[in-house]
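Me: Could you take a close look at one helix pairing in this model for me, and then at one residue beside it? I'd enjoy a connected walk-through.

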Amino acid sequence: MLMKASDLVDGPLDDNFKIRALLTTINLLCEFKNHFEKFETVYSIFEPILKLLEANSFNKYPFKVKKRVERLRKELKELKNKKLEYLVVEKKKPKPLRLYEPRIETIYDSKKHKSISKEKAEKEKLLHKYKKEMKGAIREIRRDRMFLAKLQIKQQIKNDEERKRKVKEIFGEAAMQQSELKKLKRKK
């Protein structure tokens, strides 16, 4: 019942050839179905073939061919029950909201506070206040010194500019007198 290459080259196209061609086609379809069976869309591929197989009754064909066709029809109908899983875009996780709660951290002071008398506590308090005031006063004195130094520098620069201007004036007058003196000498 198998096809041979010689059947295609030289041979009449009789009923025997047609039955062998149909059986070979059915066997090839079974092989294709077995290869594509793992895919979910296999029924949509073989649906037109199933319609062709159902359109013909195959009553006048031999029992072996009819049995093979029936088995292929049954297998293709079973493919219809295969559930399709649709492609779904993966959901993105929503961004978490910013938390505006303050981050509170406890800070431990490594100093051990001794229990002291009121007089000693008052004395330390005054000493601390004295040191603080002293630092503030020294800072103010430094600022005053810097301010006075800036004023003195400005005054010195001003005096230097005045002196330079007067020196230029004197040299200018001396040059004028010198030129007048030379003119008089030339005239004589």
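Reply: Happy to! On one side of the pairing, Ile26, Leu29, Phe32, Lys33 and Phe36 of H2 meet Val42, Phe46, Ile49 and Leu53 of H3, where contact means heavy atoms within 4.5 Å. By class, that makes eight nonpolar, no polar and one charged residues (Ala, Val, Leu, Ile, Met, Phe, Trp, Tyr, Cys and Pro count as nonpolar, Asp, Glu, Lys and Arg as charged, and the others, Gly among them, as polar).

A word on the source: this is a predicted model, in which local features need pLDDT of at least 70 and side-chain atom pairs count only at pLDDT 80 or more, while totals for chains, interfaces and linings use all residues. Residues are numbered from 1 along each chain as its sequence is written, and side-chain values use heavy atoms, with hydrogens and water left out.

Now the geometry. H2 spans residues 15-36 and H3 residues 42-55; they pack at about 160°, with axes 11 Å apart. H2 is therefore roughly antiparallel to H3 (angles over 145 degrees).

Glu54 also sits in helix H3. Glu54 counts as partly exposed because its relative accessibility is 41% (between 20% and 50%, with a 1.4 Å probe and protein chains only). Setting aside neighbours within four places in sequence, Glu54 is in contact with Arg73 and Lys77. Arg73 lies 19 residues away along the chain, yet its C-alpha atom is 7.7 Å from that of Glu54. With Lys77, the Glu54 side chain makes a side-chain polar contact at 3.4 Å (a pair of N or O atoms within 3.5 Å, one able to donate a hydrogen and the other to accept it).

Note on methods
Axes are lines fitted to C-alpha atoms, for helices over the stretch in contact, and angles run from 0 to 180 degrees between N-to-C directions. Helices (H or I, at least four residues) and strands (E, at least two) are DSSP runs, numbered from the N terminus. Angles under 35 degrees count as roughly parallel, over 145 as roughly antiparallel, 65 to 115 as roughly perpendicular and the rest as oblique.
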